[in-house]
Amino acid sequence: MAANRQLLLTRLSDRLHALFDNSINLSDVADKPAKERENFFLTRALSALALMDDAGLLPDQAAKCVTDGSADDGIDALHIDDKRKVIYFVQSKWRSGAKGVELVDFTRFRDGVKGVLELKWTAENKNLHPFRTKVESTLKDIETTFVMLIAHTADKNIAKNINSKISDFVSEQNKIQSDFLEFKEIDFASVTHIARSKVRASDIDVSVMLRNWGRLQKPYDAIYGAVSAVDVAKWYEDNGTKLFAENLRYVIEKSEVNEGIAETADKEPAHFWYFNNGVTAICDSFAKQPIGGTKTDTGIFDVKKISVINGAQTIGSLAKAKNGQTSLDDVLVHVRIISLQNTPEGFASGVTRSNNTQNDLNASDFVAFDPNQDRLKREAAQLGITYAFRRGEADPASASGFNIRAATVAAACASGDLRLAVASKRYISGLWDDIKKEPYIKLFNDSTTAVYLWNIVQLMNTVDDTLAKQADGLEGRERLIAVHGNRFILFCVFSHIDLTQLAKPATNLSSLRTTCEQLAVQYLEAVIPAIAGNFPDSYPGNIFKNQDRQEELLGAIES
């Protein structure tokens, strides 16, 4: 039983990381040991997961509601739903052992909620202050109600004595208005169910307009065709993560692939159908509306109990792009819908598994089509070093060679173009998107030599090693700056070096290594106070993924 529980906890942890890795703020615990930081992450992610389910939020929306910290007054997350006029208070407890929710946990939670309801803004609930204006505005509406959620992974439900205290508090609050406050326990089984979402949502029925549609009726019924991205995005907007109830994963809020999907929709809308794998869904049944007759140019199908089993990243990325004001009017998505009527037992899970376990092509795979990469590999071999650019090739030791990723990062930071340096940190695959145009050909072209790449990679390694040593002696935000600022600092270091000399095979790097070490330390010492002065509340990792912020930073340290 214990082994099974641990397995479930591990799976739950993996799902929470997939959902919230790039959105849960851990800057306040950056100086904690790794194990403690992980516990903070899981606790906070658990709060966000509870809001995703109960308030119907998307992962990034739920993450922004997390208030957990030293001044949360027992409230780990807070969400105000303007439309439904509901304020959610969440307390979460990640328990890996036998310890359950304790009375002191609920008591602090209860008192914290009372404090907010009484508009007591103190040092004890400082983490809630950013919500103050909205809370006070919402509280003025007589229709506003409240929900208290306790989400936990304890192996036992909340004890009777604690439930008695909960009941007393709810009854006290509901004396005048019976539905004023509601309490919900989201126990381990419920949390696991929410995260896994194995049961397909029973309430998602959609009407789908398919263009140039087709139908496969044997051995099982299925339809396919092109659907407007506006319609596909609306499925997600209307239903949230329930749309992916049987998918193996929800939308990954931030990833290179998803950013590429959004970029294609924005910059090459007419090509989206050709470039994207599309969406596969299962349903209980579908029926074509009479309009259009038997013509296959356009057909409207009523689909019952639809669940997307492959394509969550496509749909989520399109919805996010639409919210970011990208027009999807000219974007078409290939959609395939499979009816489960008359299918054998286990067919649905088999379709889901098979659609999610095929090998994916990586953007770096297409680099192999560039003949310059083969030339660079041969040149490197003549220098006695190894250059690996095909996926699957073993990465050489840093002293004896380098790979395509290292070459790309070093070349981007040595390009003199901050935009490329930022891309190497934030979205390196974007630098490989098209081997026939920039930015790729600015980094790899007929003039690029293996000796140049090898030299700048070695200097990059020197800067990285220097920053790693500096980080070991720092704490908190300063440590994060040394870690996350490596590409920005490398860009600055390269801007003070005569890079033309690195194209010479006999270049002696010893003096340049020393110069790079000194410059790396100098820039780090300049960047730390510049960030404290210009971006005191920003998470360092986000600063170094944002080009505008880095341009501001560059101006600050050079002024």
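What percentage of the 559 residues in the protein chain do buried residues make up? Buried residues account for 50% of them. Keep in mind throughout that this is a predicted model.

View 1. We're looking at a protein chain with 22 helices and 13 strands. Its radius of gyration is 27 Å, close to the 24 Å that the globule rule gives for 559 residues, so the chain is as compact as a globular protein of that length.

**View 2. Contacts across the sequence.** Take the contacts between residues at least 6 apart in sequence: 72% of those in the protein chain join residues at least 24 apart.

**View 3. Surface and charge.** The protein chain has an accessible surface of about 27300 Å², and carbon and sulfur atoms own 48% of that. As for charged side chains, there are 66 positive and 74 negative ones. The centres of these two sets sit 3 Å apart.

View 4. Is Gly 555 buried, exposed or partly exposed? With a relative accessible area of 40%, Gly 555 counts as partly exposed, because that class lies between the under 20% of buried and the over 50% of exposed.

**View 5. From Gly 555 to Leu 117.** This pair is 438 residues apart along the chain.

How values were computed:
Residues numbered from 1 in each chain as written. Predicted model: local features only at pLDDT ≥ 70, side-chain atom pairs only at ≥ 80, totals over all residues. Heavy atoms only, no water. Helix = DSSP H or I, 4+ residues; strand = E, 2+ residues; numbered from the N terminus. Rg over C-alpha atoms; globule rule 2.2 N^0.38 Å. Buried < 20%, exposed > 50% of the residue type's maximum accessible area, 1.4 Å probe, protein only. Contact = heavy atoms within 4.5 Å. Areas by Shrake-Rupley, 256 points an atom, 1.4 Å probe, with all protein chains shown as cover. Lys, Arg positive; Asp, Glu negative; His and termini not counted. Charge placed at Lys NZ, Arg CZ, Asp CG, Glu CD.
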